Structure formats: C-alpha cells, structure tokens
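Please look over the sequence and the structure first.

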Amino acid sequence: MIKVEPSVQQCFFIETQGFVDNIRRSPEQTDAILQRLSVIKDTARILDYTPIYKLYCALEAVYQGIHDKNVIYSENVLQLINIVAIKINQVCNDIQNIQDESPEFDIKQELLYCDKAASGEIFDISIFKKKQNKKNTTDHSENAEENILSVHTSSISAILGEQEEMIARSYKINNQLEELKVIHDEKQYSNIMQVQRLLVSDMQVLQNALLQSHEQILSIISQDQISIHHQDMHGFFVFANSKKYFIPSDYILDVVSEDPVNYILEQNQRYYRIIDEEDEKAEPEDVPIYSLSSLFPGQTPKAHNELDTLLIAEYQGKKIGMIVERVREFVYIVGKPLPTTFKNFDMFKGFCFDEKYDMVPILSVPEILKRFRSLRGYDVKKFESSTKKRIHRILIVDDSDTTRQIEKEILTSNGFSADMACDGIQALEFAHRIQYDLVITDDVMPRMSGDILLDNLRHLENYINVPVVVMATKPFENANAFISKENFKRDNLIQTVKELLHE
C-alpha cells in the first residue's frame with residue numbers, strides 16, 4: 001500500500017463524503033457526476049482503497065450507460081445508485097474506524113447489479129431488502145425445522161407458460177419502441193415522446209415481473225426433492241470471442257489476474273508460475289496457459305487488456321490456465337443435457353439459460369484440457385499474434401511520486417504498460433535494460449533534469465526515433481510533444497500518446 005500522510009487520507013474521505021451526498025441529493029446530474037467520478041475513482045486506486053475504487057467504477061459504468069442513452073432513469077436505477085452511494089459511505093467509515101487491520105468488504109451484490117444496470121439487463125432491486133431481512137432473521141431461524149417443498153410438474157409448467165407470455169410481450173414492446181423512434185425521426189408527431197415514455201415504463205414493470213417469476217422458479221427447483229434429476233451446477237459465465245459460455249466449477253482451482261509480461265516463455269509456450277505462499281519449501285509450479293478463444297472459429301483482433309483473466313483448471317492431475325475475455329461468477333444454474341442431435345459436439349456437455357434467458361453452452365472442461373494439450377507451441381503463438389494487439393511500453397520520469405502514480409493509472413487503464421523512474425539517472429538505467437516505445441518526462445529533477453535525459457537518449461542508437469513527451473512548465477527543443485502541467489487533462493495525455501504511437 002502506498003504510504004501517504006494522514007491528512008491526505010482525511011481529505012479523500014471528506015471529499016468522498018461530500019461527493020456521495022451530492023449523488024444522493026441530485027442523482028440526475030449525469031455529466032457533472034461522470035466528470036467527477038473519472039477523477040475521484042483514480043484517487044481511490046492510487047491510495048489503494050480497492051473496494052471504494054471498484055464501487056466507483058461500477059457507478060461510473062451505470063452513469064456512462066445513462067449518458068449514452070442505453071440506460072433509462074427508472075426507479076430501480078435510482079434506488080441502485082442510492083444503495084451504492086450508501087455502501088461507499090459505509091466502506092469509508094469502516095476503513096477509518098479499523099486502523100490496525102485490513103477489513104474485508106462484501107460488495108459483490110452491488111457490483112453485480114451495477115453490471116446488470118449498465119448492460120441494460122433486468123434486475124429486481126428488492127433483493128437488497130430481502131438480504132437485509134434475511135440477515136435480521138437468521139438468529140431466529142437457526143433451530144427451525146427444515147420444510148421440504150414438493151411441486152408438481154403442472155405447477156412449474158403454469159409458471160413457465162406465464163413467463164413465455166411475458167417474454168413475448170417484452171419483444172412486442174421493444175418492436176413498438178423501435179417503430180416509435182422511426183416515426184419520431186421522420187414525422188415528428190407531437191405525442192410520440194409521451195407515448196414512448198409510457199412504453200419504457202411499461203417495459204420496466206414487465207421486466208421486473210419477469211425477473212421475479214424467474215426467481216420463483218429457481219427457488220422451487222432448488223427446494224423440490226423431485227428435481228433431484230436436474231443438473232444443478234455452480235460455475236462461471238465466461239466470454240471468448242465475445243461469445244458467452246458456462247464453465248462448471250468442478251475442475252476450476254482458482255481465478256486470477258496476471259500481467260502478460262510476467263509469463264514464462266519456453267519453446268513458444270507460455271507458462272503461469274504458481275507459488276505456494278503458505279509452504280515455503282514447496283517448489284513453484286509452471287502451468288501452461290492458452291486462450292479459450294483459440295478453440296472457437298471467427299477470431300478477430302481485439303484491444304489487449306493490461307491484465308489477463310485466467311481460470312486455473314485441473315483434470316486427472318494435469319493443470320492448465322485458460323485466458324478468457326472476462327468472467328462472471330454465477331452461484332447456481334439449472335443445466336440441461338445436450339439434445340441427441342448434438343451428441344457429436346464433444347466440446348459441449350449441455351445448455352443453460354442466463355439472466356436474459358439466452359441459451360448458453362456448457363463447456364466440457366476435460367475435453368478443453370485434452371484439446372489444449374494437443375496444441376503445439378507454434379499453433380498457440382500463431383493464434384495469439386493474429387488476435388492480440390501489441391502492448392506498448394512507456395517510461396514515466398518524474399520526481400513526484402503522486403504525479404508518477406496518476407500518470408501510470410491513466411496509461412494502464414487505457415491498455416498501456418508503464419514503468420516509473422524518479423529522475424533522469426534512473427530513467428537511463430531502465431532505458432539500457434528495456435526498450436520503451438515512448439518516454440514521458442518532467443523537467444526539473446534531482447541528479448539529472450529532463451532536457452539532459454532527452455539528450456542522452458538521443459545518443460542511444462535504439463532511442464533515436466523513440467517519441468518523447470515533455471510534461472513540464474515549458475517545452476524542450478528536441479521533444480516530440482509538450483503537455484503543460486498547469487493545464488494537464490487526462491484526455492490530452494492519452495490522445496498525445498496514441499498519436500505518437502500511431503494507434
């Protein structure tokens with residue numbers, strides 16, 4: 001954790017308190033809130049307040065959806081914003097009150113529902129009230145006799161019939177909305193906007209009813225003893241090639257994030273090193289890693305994230321790491337076996353339905369491991385080189401620790417890799433060992449200033465054409481770009497870097 005003066009922490013908490021109170025008072029000020037969120041969330045990350053940073057990011061995603069008109073200001077969304085704001089306050093209070101240890105915070109529910117809201121998915125905000133009520137009544141129900149609920153097939157069929165009708169109605173309303181938009185654009189009827197607002201409201205009500213019905217079914221199935229033949233599974237929704245799949249957790253040992261530069265490369269095969277921190281005598285284990293997308297057709301180049309998401313899987317004593325685009329844990333699903341017409345698809349073991357009622361294939365982990373082990377290192381390298389963009393490495397040179405951290409946060413959040421040096425001497429040491437694609441430097445620094453550093457870099461054969469950005473009070477003669485510290489803005493830095501790197 002970064003060491004800072006207590007006054008800095010105190011100022012952050014005071015600033016957060018005022019900002020959160022403003023969100024609760026005036027949640028509809030989208031542009032102003034978005035602008036402030038982009039700054040304050042970075043401060044939370046720099047100070048290593050990870051739970052607060054994650055909550056701010058989730059809130060920012062919701063407001064970005066509202067700004068882009070992908071999310072409407074429904075009652076559910078407003079309540080969710082208020083709940084997240086309250087949670088941020090609670091986390092801040094707990095951090096301030098518990099000084100001698102690192103408290104753990106349960107923010108999964110808030111993050112999950114912000115993700116649903118930002119994606120335009122249906123969600124029932126009453127789940128937070130149910131959670132609180134359940135917590136209040138737990139002590140009274142510990143000794144209660146467990147009741148077994150048995151439901152006839154006809155009861156489930158009736159509920160499914162209602163669901164099908166609601167789904168059909170939701171699609172119909174969506175079609176009506178699209179028609180209204182066309183009419184509005186072309187004919188400008190005066191009452192179109194009013195009708196559209198009513199339809200949007202009706203759509204939200206219908207979706208909430210649909211979600212509640214879905215939860216009732218899951219509750220019935222989970223308690224019904226007759227449903228013993230269903231395949232109840234816990235696992236993960238993962239994305240590969242922008243497609244959604246479900247991986248049961250039976251074979252998954254861990255889910256980790258890793259910087260690609262930390263992988264070990266041997267004979268065109270990359271490995272992730274597992275170190276047992278509890279057993280100092282245990283030997284490190286190198287696990288081969290593969291991209292899940294390589295098993296599916298239609299790969300297209302994608303922007304590379306700073307960190308890879310890895311699922312560490314094990315089958316018959318063999319371990320591998322699977323790189324996925326992103327992962328979402330799902331506590332419980334009901335899986336269906338493959339229809340007989342799909343019996344030759346060894347990669348899949350069944351289907352399930354997600355929260356949008358889309359059919360999602362369930363992947364067979366043993367078959368995945370079998371296919372990955374049959375891949376040659378060359379095949380893996382060829383796939384990765386065709387589907388991933390190169391990560392540009394940038395060196396930040398500044399004697400201010402805070403400035404370095406802020407610049408690094410801005411760069412890494414935009415897909416760049418960044419190292420930091422405190423002055424020109426340390427920067428030259430890095431440059432002799434590592435080839436950087438771009439250098440950002442301050443002017444006045446101890447031991448060696450920015451202009452002398454630039455002169456030394458230009459005398460190195462491999463740095464003659466490397467772009468240098470000066471972020472100081474005045475420009476340098478031989479630099480490629482200049483950004484004034486007095487008028488520094490996040491977007492200016494990213495735009496300048498991308499232009500110089502031709503992105």
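Predicted model: local features only at pLDDT ≥ 70, side-chain atom pairs only at ≥ 80, totals over all residues.

Residues are numbered from 1 along each chain as its sequence is written, and side-chain values use heavy atoms, with hydrogens and water left out.

**Helices H12 and H13**

- Helix H12 spans residues 424-433 and helix H13 spans residues 450-458. Helices here are DSSP runs (H or I, at least four residues), numbered from the N terminus.
- The two pack at an angle of about 20°, and their axes are 9 Å apart. H12 is therefore roughly parallel to H13 (angles under 35 degrees count as such).
- H12 crosses H13 in a right-handed sense (the near helix is turned clockwise from the far one by less than a right angle).
- Gly424, Ala427, Leu428 and Ala431 of H12 make the contact with Leu453, Asn456 and Leu457 of H13 (contact means heavy atoms within 4.5 Å).

**Helix H4 and Asn89**

- Asn89 lies in helix H4, residues 75-97.
- Asn89 is buried, at 12% relative accessible area (buried means under 20%, with a 1.4 Å probe and protein chains only).
- Buried residues of H4 also include Leu80, Val84, Ile88 and Cys92.
- Leaving aside neighbours within four places in sequence, Asn89 is in contact with Gln17, Val20 and Asp21.
- At 1.5 Å a residue, the 23 residues of H4 should span 33 Å, and its end C-alpha atoms are 33 Å apart, which agrees (the expected span is 1.5 Å times one less than the number of residues).

Technical notes. Axes fitted to C-alpha atoms, helices over the stretch in contact; angles between N-to-C directions. Parallel < 35°, antiparallel > 145°, perpendicular 65-115°, else oblique. Buried < 20%, exposed > 50% of the residue type's maximum accessible area, 1.4 Å probe, protein only.
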